[in-house]
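Let's take a walk through this structure together, one region at a time.

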Amino acid sequence: TGYSQSKWVAEQLVRQAHADGLPATIFRCGNISGHSRTGAWNSKDSNLSIMEACLSVGAIPSGVEGGALSFEMTPVDFVASFILQCADDIRNSSGTTYHLIQPKRLSLSRFAKACEMAGYEPLSTVSVNEWLELVATKAQAGDCKWVGKDTLISICREGDVYDTANVGECYPAVDEAAMSHLVVKLSHEWQHLPGVQNGAKQLGLEDKLVMVCGAGTPAGNEVARRLADEGAQLLLVGLDQKLTQLLGSDLGDDNSFVAPEGSCTELATLQAAIHEAEERFGKRVWGLVNCPLISEKEGSDTVSWHTHFEAGCKFVMNATTAALPSLTHTDEGDNQAQQRGFVINVSEDPSAPKPLLSGISASKAFLDAWTAGMKAQLSPLGVTVVTVSLARQSGELNLLDSQAQARGVADSVHNTLMTQSLLTSS
């Protein structure tokens, strides 16, 4: 088509400019979807129109000749972040073509499951032609946008496969849980989807207060945002006070409380911060996530590494000690051990290249030993202690790698925390 031909011509012009000495990178984007956390979405997007139509008619279309139908959705925040990181590393990204296209599609049947998780009535499955007739009737009545067969097939039929190897494993997951979160945002906050018939879904952590330590690091930042998306209120503690305060400002005063400077290393200061956060939110700390403080510190300065390693070890001990009374709290008269709270320690990966290896290995050895002791000591008190590994995707520390690590940690913490929430509420 003319559209595809114009894209090809544009790429040739960019390649020629690069050959003439101009730094240039080509990004081939797929179906750019809404923001993975906030749900902000282009109201004219075809994916969104199809989702709206499915919910309006209470059904999804079955497969067509050649296979099932599915969504390819690449979140806009991922696309923007990737492009900015490549711009920061232009010497390595120049001359490269990236396919920013979600390699793991979401089938319409899994989308239907996500909608049910979000509170909608179960969606039935009908033939494509029947679905199109239902949508046309609803569109004529003004209940949804019209979706034609060509649009449905071009957007949802699986076919082309793209090479995403140079992008790595940093794509955010678009599974039932993530889609359910987006559906709630799209229907309740943005009004892009029909209202839920079964009433508003309560987010999984809406009544929980979680303390996130290391909040200023990439992993801590991503973890805090994922937990806030599930309705948790957060006590943010970080070694870098400026970055931690920026995160708190972004999340808002209703959802977060930033511990004062010095909370990382001073037990009394951290205990006071916990007390103030519990008073503000009217609930006790239910969970503690310890993210490493030193994983993103580059360079070989031994004084700097010694300072950060010492602070990191003291941080974990102080955080656990300060949070323990809340994690093990029981109401008066309750003498039975039960699942009361959790601790998640994010462990370092010792496979990092020198000169980071010694500091990271020491940090991991300490945290593993500390975690083993906590498991034995706190399990009888009803507190669950788990470890999440911060694994590196490559042999180098770079911006894209750290982003992939942060998302992987956030996914693991989120899944563990949601499981624990179900245990404590059952």
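Two strands count as paired if DSSP finds at least two bridges between them. Helices (H or I, at least four residues) and strands (E, at least two) are DSSP runs, numbered from the N terminus. With that in hand, look at strand β13 (residues 341-347), which runs parallel to β14 and is joined to it by seven bridges. Within β14, Val386 is the residue opposite Ile344.

A word on the ground rules before going further. This is a predicted model, in which local features need pLDDT of at least 70 and side-chain atom pairs count only at pLDDT 80 or more, while totals for chains, interfaces and linings use all residues. Residues are numbered from 1 along each chain as its sequence is written, and side-chain values use heavy atoms, with hydrogens and water left out.

Now step back to the sheet. Strands of a sheet pair through backbone hydrogen bonds, either parallel or antiparallel. Here six strands form an open sheet with parallel pairing, in the order β11-β10-β9-β12-β13-β14. Which strands stand at the edges? They are β11 (256-258) and β14 (383-389), each with a single partner strand, so one side of each has no neighbour in the sheet. From one strand to the next, the twist averages 15 degrees; angles here run from 0 to 180 degrees between N-to-C directions, and axes are lines fitted to C-alpha atoms, for helices over the stretch in contact. Helix α11 (residues 267-281) packs on this sheet and touches β9 (209-213), β10 (233-237), β11 and β12 (285-290), where contact means heavy atoms within 4.5 Å. The direction of α11 makes about 155 degrees with that of β11.

Next, find two helices that meet. Two packed helices are described by the angle between their axes and the distance between the axes. For α2 and α6, the angle is about 90 degrees and the axes are 10 Å apart. That makes α2 roughly perpendicular to α6 (angles of 65 to 115 degrees count as roughly perpendicular, under 35 as roughly parallel, over 145 as roughly antiparallel and the rest as oblique). On the α2 side the contact is made by Ile50, Ala53, Cys54, Ser56 and Val57, and on the α6 side by Trp131, Leu134, Val135 and Lys138. These residues divide into seven nonpolar, one polar and one charged; Ala, Val, Leu, Ile, Met, Phe, Trp, Tyr, Cys and Pro count as nonpolar, Asp, Glu, Lys and Arg as charged, and the others, Gly among them, as polar.

Helix α2 also holds Leu48, which counts as buried at 3% relative accessibility (buried means under 20% relative accessible area, exposed over 50%, and partly exposed in between, with a 1.4 Å probe and protein chains only). Not counting residues up to four places away in sequence, Leu48 touches Trp41, Asn42, Ser43, Leu186, His192 and Leu193. In α7, the buried residues include Leu152, Ile153, Ile155 and Cys156. Among the elements covering the buried residues of α7 are α2, β3 (59-61), β4 (70-71), α5 (108-117) and α6.

Let's turn to charges. Side chains of opposite charge can pair when their charged atoms come close. How many salt bridges does the structure hold? There are seven, each being a side-chain nitrogen of Lys or Arg within 4 Å of a carboxyl oxygen of Asp or Glu. One of them joins Glu52 to Lys145, with the closest N and O atoms 3.7 Å apart. Glu52 lies in helix α2 (residues 46-57) and Lys145 in the loop between α6 (128-140) and α7 (149-156), so this pair ties together parts that are 93 residues apart in sequence. Glu52 is buried, at 12% relative accessible area, whereas Lys145 is partly exposed, at 37%.

Another salt bridge, at 3.0 Å from N to O, links Glu189 and Lys185. Both lie in helix α8 (residues 176-189), four residues apart, about one turn of the helix. Glu189 is partly exposed at 47% relative accessibility, while Lys185 is buried at 14% relative accessible area. Elsewhere, Glu11, Arg15 and Arg28 are linked in a network of salt bridges.

Our last stop is Gln191, in the loop between α8 and β9. Most residues other than glycine have a negative phi, and most peptide bonds are trans. The phi of Gln191, though, is positive, near 55 degrees, and Gln191 counts as exposed at 55% relative accessibility.
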